[in-house]
Protein chains: 4
Amino acid sequence: MKIAGQVSLEDLPRIAPLLSRATNPEYSGRQTRVVEVRGVRFGEDRPVVVAGPCAVETHEQTVGIAQAVREAGGDMLRGGAYKPRTSPHDFQGTGLEGLCILSVAREVTGLPVVTEVMDPRLVREVAKYADMLQVGSRNMQNYPLLAEVGRAHKPVLLKRGMAASLCEWLGAAEYIAKQGNLDIVLCERGIKAFPSGEYARYVLDLSVIPAVQALTFLPVIVDPSHATGVAAMVEPASRAALEFGCDGLIIEIADFRKGPPRCDAAQAIDANTLARIVRFARARAEELQEQVTVA
Amino acid sequence: MKIAGQVSLEDLPRIAPLLSRATNPEYSGRQTRVVEVRGVRFGEDRPVVVAGPCAVETHEQTVGIAQAVREAGGDMLRGGAYKPRTSPHDFQGTGLEGLCILSVAREVTGLPVVTEVMDPRLVREVAKYADMLQVGSRNMQNYPLLAEVGRAHKPVLLKRGMAASLCEWLGAAEYIAKQGNLDIVLCERGIKAFPSGEYARYVLDLSVIPAVQALTFLPVIVDPSHATGVAAMVEPASRAALEFGCDGLIIEIADFRKGPPRCDAAQAIDANTLARIVRFARARAEELQEQVTVA
Amino acid sequence: MKIAGQVSLEDLPRIAPLLSRATNPEYSGRQTRVVEVRGVRFGEDRPVVVAGPCAVETHEQTVGIAQAVREAGGDMLRGGAYKPRTSPHDFQGTGLEGLCILSVAREVTGLPVVTEVMDPRLVREVAKYADMLQVGSRNMQNYPLLAEVGRAHKPVLLKRGMAASLCEWLGAAEYIAKQGNLDIVLCERGIKAFPSGEYARYVLDLSVIPAVQALTFLPVIVDPSHATGVAAMVEPASRAALEFGCDGLIIEIADFRKGPPRCDAAQAIDANTLARIVRFARARAEELQEQVTVA
Amino acid sequence: MKIAGQVSLEDLPRIAPLLSRATNPEYSGRQTRVVEVRGVRFGEDRPVVVAGPCAVETHEQTVGIAQAVREAGGDMLRGGAYKPRTSPHDFQGTGLEGLCILSVAREVTGLPVVTEVMDPRLVREVAKYADMLQVGSRNMQNYPLLAEVGRAHKPVLLKRGMAASLCEWLGAAEYIAKQGNLDIVLCERGIKAFPSGEYARYVLDLSVIPAVQALTFLPVIVDPSHATGVAAMVEPASRAALEFGCDGLIIEIADFRKGPPRCDAAQAIDANTLARIVRFARARAEELQEQVTVA
């Protein structure tokens, strides 16, 4: 019995010809395309560490955390101004005010900023403030948004949908690429499977990293905060992701001295833990560099 | 270890207070809210059968199928003008032209029309042509779209996301309701699980129907075409869904004498099969009616 | 990158040559092999209804329920003497005593008996009492058990493992067949997927029924009790399974006047509900018979 | 609607009182029980590396690989004499002959041996040759086997079932413990989820490691070979598992100069890669040791 809608990775050259290694001879080896965000370079030997609050709540909170990120050695600031929440009655983010706060935090710290955009009508506005536009898991197959983001002349962080096959994920990235924007960084953030919710939020799927790298030239990073949903798992998940060769991490942190954050408090780590992760990422990169030099 | 972001059905009165039975005493029994679409009533004893092509391709194809739907006893016409496809290089639908064709088909047959909208900027335009707006699985958590659709003064068909818990699904519906629009019909269309793709496209999850009915007053229908992806399974899946008490079906049909359709040919049935399904739905409703009369 | 251990349904003629339609020309059409259990015939037009308690607890309980099954029109008695339980500290069944009780119940009612065997060392003993040997989901790939059961000269009921692909399931059945025993009835009983536990116990996967029927000649029945875990869903699930063309049902019932059963009380239905399911199954079979006669 | 059979980690003290930290005050901290296998100690600071062929095929192959394991720094030898295979027509292992070969390999190399037993009737026989008994994923809930293994006076390696919740896994371990044998090592080996088979064999679920460690005092190791099914992923998966704090690894290797192995060739690594993994495991342990000493 024939089944409709079946695609497999063998179809990738047809589904994502702009992004597939097979159809881009200049990327036929192991080379990764470097995606630059105001001087921060994804896809080189040194993994990029993005960190910040789940949601931008206040000026003080965000600037404080941004400074902590810089002090911990982080490369970029994350923070949600528009928050996709399961219920419309939950805190939806601070919106435009949040964007302003993020640009102040960038001013103060020098860290480039990535923030999520959910509405194609807001892409231009968000792009004025952000250095990199994030498309979240829930919107991975929101094709009008992907096209709009593709036209915004900004690098894009595309999170994997929680039930997305690799084929579907790269097909989604191709919507951005088709607008002439190849500055895309992919982000694995955990998938839904039967254990979700028993001892972790999602199931972190690290095997997708080498598969991404074999099939496309885009950099791929990992979000250990959403994947696990458990603060105590963020550091091991970060290290594990780096062992799998990811090009960076995006991590939620909080300043617990100021009280718990308004979203996802249970998955936020503190700045000290972030600093350890950054040191690990740096040491790991040097170690790999030495191996390459020796070989 | 605490896990971030955990919600369960016990949280529903907080997540979806406008749609939860528990917080709406007028729906505290088993009563379903009737959602009316130009005379077609979802949520009454008689299940609604929506049918039509996957994609609106040509005037001739769509009008021909619409007439076949009417002759088979169908209540409403479905047809995609804007098609969400895994690859941007695949046929994306006929867009505005498709909407025009749909309104001609309605003119000719008298069948109300439901069609998918993916872009919040197009909601008003699509609403001019459609009698009911469909939000597809990929956009179930596209909250700006849900809000815009909620403001369009049209009934909405909200498909379940392929990895959506019931809690998340009803939370998504609440985004529509929050705009003052309670005319929402839910649609189960198969979930992603390990067998997806082995012998069927998704896993049809019929148990969600009585759960929906226990927790909210919204009507719920089933899409057997996408759930199975196999033409030969559409009729048994339709009958099975009706046995589970669903309020209707949405089915893809094609006129194979004109050659295969451009999308999802393997899951399209012909008009004769549709007619059998409609007869079954009618007989089933009468049988239930008699049981109620006797009791 | 090559992946170890990948099999697909295209490999079935190699994996299960004794059971595959493709390698058994005498079953190349739609014909099902009839598996007879003391006069009860699985695989003919009339679906077989097996019912009984989850666990055999006492003589009175089991004989009482067996009589209720016969009065409700059921064909066979089920009842667990050896119960696989998540914890070794939970009630493990009444063992040999339970087997004796089952054979008394058969004596009293004339209903053939199916009961689970988990231990290859007990197969002969259980086969003395049971008319049909059940291999449960947890043991679907317990190959020494399958081989022993295959040698017992009794029909076998093989439940699908909760994460088993169709390929793996038929491969497991082939272990029984390889011992010279083709009297195998397959049983779908719900799979594990992300929604398991939110509103139902497992996800009932009805699409596997036509797939089984297309690929092998073995009869296939459905266990709506374990698949849903919710008493109120057992009747709709039974009807839905029959619409999908299954060859029978296996259902848990209880006599609630005597207090709740010791296992899985929430999924047990009463005898009246069973009687309605049996009537539906009979009416459905006659309806199909008439269609065949007319055509 | 109440759902039958629901258990959660909160029920663990009841499900697995012998193994739960909550019910064993002597393990109320972070301490792990040390499981010793002929001098090799699971659960101490130094992760144990078990390696060997998928299946014991010949004397030459197994002894050769065992020597390579020892030279690479491995601690223990694995090798299947009885192989659970999807089809009964596939190579089933060399059985008793394989056990003899394994004991020769132990003689030659001094490495303790772990091998799978599937049949409760063979537990004593296998225990004569093996230093540690492995219960495989397919038999995780084969309770008579677990009980028999629990009585064998040998340490046990209990692999996680491919659809097992943590609760079910620890419940299964409790069957062994109930026989008076607490010398149990748990092994995560990948779960079934929607991406299984797209780019990896299963989904490696590392988050279960800290959850195991929080809830029970048993050591837990990881099988990167089965979890990924891709040779090129075995090294990163091993490192990732060590970053998550696992107590060891069990890895399949082959000597490709002698031709491909008869099972699972695509997931076997060579001895050089194994040596790198062992060096990493040793360095990682020392690093942790230093941190503890400093702190």
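Author: Buried area is the accessible area, taken with a 1.4 Å probe, that two parts lose on being put together, summed over both. The structure discussed here is a predicted model.

Reader: With that definition in hand, what is the area buried between chain A and chain B, and what percentage of it do carbon and sulfur atoms give?

Author: The contact between these two chains involves 53 residues of chain A and 54 residues of chain B. The area buried between chain A and chain B is about 4200 Å², and the part of it given by carbon and sulfur atoms is 59%.

Reader: How many salt bridges does the rule find across the interface of chain A and chain B, and how far apart are the closest N and O atoms of A:Glu148 and B:Arg121?

Author: The rule asks for a side-chain nitrogen of Lys or Arg within 4 Å of a carboxyl oxygen of Asp or Glu. Across the interface of chain A and chain B it finds six salt bridges, and between these chains there are also 24 residue pairs in polar contact, both residues being at pLDDT 80 or more. For the salt bridge of A:Glu148 with B:Arg121, the separation of the closest N and O atoms is 2.7 Å.

Reader: Which element gives the largest share of the side of chain A that touches chain B?

Author: The elements of chain A that give two or more residues to this side are helix H1 (12-15), helix H5 (143-150) and helix H6 (166-177). By class, the residues of the side of chain A that touches chain B are 23 nonpolar, 15 polar and 15 charged. The largest share, six residues, is that of H6(A).

Reader: Why can it be said that the copies, chain D and chain B, meet through the same surface?

Author: Seven residues of chain D are in contact with seven residues of chain B. The copies meet through the same surface because the share of the interface residues of chain D that are also interface residues in chain B is 100%.

Reader: Which three residues supply 75% of the area that chain D buries against chain B?

Author: Between chain D and chain B the buried area is about 470 Å², with 85% of it given by carbon and sulfur atoms. The side of chain D that touches chain B divides into six nonpolar residues, no polar residues and one charged residue, and the counts between the two chains are zero for salt bridges and zero for residue pairs in polar contact, both at pLDDT 80 or more. More of the area that chain D buries against chain B comes from three residues than from any other three, and these are D:Met1, D:Lys192 and D:Phe194.

Reader: Is A:His153, which has a positive phi, buried or exposed, and what of A:Asp264?

Author: Phi is near 55° in A:His153, which has its place in the loop between H5 and strand E7 (156-159) of chain A. Phi is likewise near 55° in A:Asp264, whose place is in the loop between strand E10 (248-252) and helix H10 (271-294) of chain A. Buried means under 20% relative accessible area and exposed over 50%. With 76%, A:His153 is exposed, whereas A:Asp264, with 17%, is buried.

Reader: Against which elements do the buried residues of H5(B) pack?

Author: Helix H5 (residues 143-150) of chain B is mostly covered, since eight of its eight residues are buried, among them B:Tyr143, B:Leu146 and B:Glu148. The elements of chain B against which these buried residues pack are helix H4 (123-129), strand E6 (132-135), strand E7 (156-159) and helix H6 (166-177).

Reader: With which side chain does the side chain of D:Arg106 make a polar contact?

Author: D:Arg106 is found in helix H3 (residues 95-109) of chain D and counts as buried at 12% relative accessibility. Leaving aside residues up to four places away in sequence, the residues that D:Arg106 touches include D:Arg38, D:Leu111 and D:Pro112. A polar atom of the D:Arg106 side chain lies 2.9 Å from the backbone oxygen of D:Tyr129, while the polar contact with a side chain, at 2.8 Å, is with that of D:Asp131.

Technical notes:
Residues numbered from 1 in each chain as written. Chains lettered and ligands numbered in written order. Predicted model: local features only at pLDDT ≥ 70, side-chain atom pairs only at ≥ 80, totals over all residues. Heavy atoms only, no water. Contact = heavy atoms within 4.5 Å. Polar contact = N/O pair within 3.5 Å; in protein donor to acceptor, adjacent residues only side chain to side chain. Helix = DSSP H or I, 4+ residues; strand = E, 2+ residues; numbered from the N terminus. Nonpolar A, V, L, I, M, F, W, Y, C, P; charged D, E, K, R; others polar. Buried < 20%, exposed > 50% of the residue type's maximum accessible area, 1.4 Å probe, protein only.
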